[in-house]
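Trainee: I would like to learn how to read helices and their contacts. Please take me through some cases.

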Amino acid sequence: MDETIDMAKQSLAFREVLPGDGESLPMGDAAAEAALEGALRLAATKKKIKSIRARLTKAMLELVDAVETSSKPEWTRRQHETWLHIECGLSRGDMRTYREFGTKLGAHREILAKKLVSFDTVKSMVAADAETRELALQRIAEDGVVDPREISDMRRIKRTVTRTDEEHMLDVRRRHFTGVSKSIGADLFRVLESSASSILERLVSFQTDFFPPAHPFDDEPAEPVDFIGYDQRHAEIVELAGAAMPLFAAVFGDDHRPVDQWDWFPADRPQDLKLAMAAEALRILQCGNFGRNEGFDFAGECDVGSPELADAIAYLAGRSVGRTERIMLRPRRNSNLTVLELCAGGGGQALGFMGAGFKTLGLVDNKRDAVHTLRKNWPGWNVAALNLKSPKAMKWIESFRGSVDVIASGVPCQSFSKRGKHRGEHDDRQLFDQVKDFIKVVGPRAFVFENVLGFREAPHLAFRTRLFAELEGMGYNVYTFKMAASDYGLAQGRVRVVIVGIHRDHDKGFKPPTLVQPYRGTLVDHVGDIVRQHMEAIVERSYPRGTPDFERLTDEWFTWWAGKAISGPTPTILRNWAAQDPKTIERWFRVGFDLEKMVDDVADEVFVSTTNPLPLSLQVLKRLQGFPDGWTFSGDFKEKILQIANAFPPTMARTVALCVRSALTGEIFDLAEQAVRPVINECLIGHGKPFSAPAKLRGRPRKAAPKPDISLWDRPFHRFGPGPVDQELVRKRREIVEFYFGPGGRVPRLGWWPPELNSRLTDMPWRRRLMQAQSQSDMKPD
């Protein structure tokens, strides 16, 4: 192509890509010019793909109209579908989509055409129920990208969060047992299930007849009424359990964890724990260790009223026990999930991950005031003041190799902000490349970045493509989505871009957060109590508290402000508050705040009138960002605003953390319920034992101490990274395990027991064999 025509087309494409008046970026050296050329080429390809998708969507809608108008009055539905299939070549599997499109999605044709929705997505929405369809349409309207797999997951999650704990467990049991029955035969499984049902009936009647429940106000359980027939019925249960035990071993094996290891079962596999409990219950019943002298519990505490044995046999028999609790809607404490926070700032994202049940291993920031804020509010955190581009930062990061599940980072956004100079990857403040290198070194199972909307703009397309390609090359599935603060109870118009990566070996299906009913709190509900306190403090300087004028003026002023506040959420809180444009100042005035009067304390302000906007205080800004009232910030006034404005709101961070946790563990949470709950217990802020690093050796050693080798036994298998060093350790460790415990041998939670159990585990035979294996770790199997 002629060079002049090519340059003209590139210039036209560049003006279309850039927002605003189309001014071109400064062309410096050859590298910048080459980067610009690549960005233009990618932008042109993107435009072409979108144009093709638009034509496909338009053709799909035209095909729907043609199918709807093609039927003759005398045709039945079967005749019409036969004609479409044979004469027109349409698949029979698509007939329902064309037939029901008008009734289910006809009112949403415009949004489907605007968002370029594919036929596969439309087909999934037509087949879904009404609530799932509305949720998918909401996602399409917000982000425009929904595939059939996500719609299927929406249906599954909706069914899960509305079921009871017992219904969910029975469903898990059904799926689990169905898979087992295919390999061992349905007949043997039915015999086991029937035997378990017989045991359950006799066990429940035995416990009820001889050990009736105590009165709820009695301190001691009721005494048995009569022991006539006790021995005979006890022996019947023992005989049935003895007959069922070989069946259970044939179906599920006989290798199940003992009672003292049940706490180590992963949270995402409750069926394994249930099977271990069923095996233990059958063993207890077979041995006759239940009833008058032993009770009906696993701990052997002679609890004759315990339902533990009956519950375990009921799971094996597939019988419901009538529980009504909902399953896994609130995050339970899971100390096995860890997070490392980079560019932690004022702690918004760290609070969110802690509220989702993650254990924070470390936080790092290059601002001394931000570091002091983190240490002051949560003394137990390991906080480091480091520049991520320095060698010290890499050394500090390397100490977390293999022990981190998630790396979270609020990567600096100035390089991509719409208010900035759009330098992107060429900006010195851009840290995506450094964080990517840290991920490669540490090897987490997942990562989370948050940034501004400008990150998704066209000028940064080439950078995003390169970054995501490199992360996917490291084994991560990368997801990007937008989040609006107003959907999570924050009365602020903040919208952020979130980037999540889940390693393919651990991705159980990441789903971006979507609330069925967004929690849209009003400005009066969110900060009304603080505004009232500030107004009283200002009016009190002119009129003493308790006087009629004080009450009247305060009420009038608050009523005037409340009328302003209903106009909508506040604008986004920005770090550069002193350089706000007139439009932003006007938007703050519409909701009753004076942006030009930002103060740390309103006590020094003078009352003017009841129609005067309230000075904007740090307390209001902190509440708008979702920080707890007890969370304090260090530094001067400008630095405090900087920490508040740059923070990822804790409520939004917790939602993302729960989605990541679901992808790693398979747990399901009710995000709408979490949006209205406090992120943390505010009483814990500022308390706790300060973090102390391990003591260093004093004095000068006679010779340099060698670097310690990475232990083979200091972490479970899933904590080893994909790198060659870790994989060699995994191979060597497996060889030793097979040598001492046989092919396919398993050591329960090898090298990952709680420290307080070490003394008790030392006496166990497998523990002694493990210690012998560790002392001879260089031995190779024959």
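Trainee: Is the crossing of α16 and α17 left-handed or right-handed?

Mentor: A crossing is left-handed if the near helix is turned anticlockwise from the far one by less than a right angle, and right-handed if clockwise. The crossing of α16 and α17 is right-handed. Its contact involves A393, M394, I397 and E398 of α16, and F438, V441 and V442 of α17; contact means heavy atoms within 4.5 Å. These residues divide into 6 nonpolar, no polar and 1 charged. Ala, Val, Leu, Ile, Met, Phe, Trp, Tyr, Cys and Pro count as nonpolar, Asp, Glu, Lys and Arg as charged, and the others, Gly among them, as polar.

Mentor: A word on the source: this is a predicted model, where local features need pLDDT of at least 70 and side-chain atom pairs count only at pLDDT 80 or more, while totals for chains, interfaces and linings use all residues. Residues are numbered from 1 along each chain as its sequence is written, and side-chain values use heavy atoms, with hydrogens and water left out.

Trainee: At what angle do α16 and α17 pack, and how far apart are their axes?

Mentor: Axes are lines fitted to C-alpha atoms, for helices over the stretch in contact, and angles run from 0 to 180 degrees between N-to-C directions. Helix α16 (residues 391-398) packs with α17 at about 35°, and the axes are 9 Å apart. Helices (H or I, at least four residues) and strands (E, at least two) are DSSP runs, numbered from the N terminus.

Trainee: What span should helix α18 have?

Mentor: The expected span is 1.5 Å times one less than the number of residues. For the 13 residues of α18 (residues 461-473) that gives 18 Å, and the end C-alpha atoms are 18 Å apart, which agrees.

Trainee: Which residues in α18 are buried?

Mentor: Buried means under 20% relative accessible area, exposed over 50%, partly exposed in between (1.4 Å probe, protein chains only). In α18 the buried residues are L461, F463, R464, L467, F468 and L471. They lie on the same side of α18, because they cover an arc of only 160° around the axis; the arc is that of the directions from the helix axis to the C-beta atoms. Their packing partners are α2 (30-69), α17 (432-442), β5 (446-451), β6 (476-484) and β7 (495-503).

Trainee: Why does I313 count as buried?

Mentor: I313 is in helix α13 (residues 308-317), and counts as buried because its relative accessibility is 0%. Leaving aside neighbours within four places in sequence, I313 has contacts that include A196, I199 and L285.
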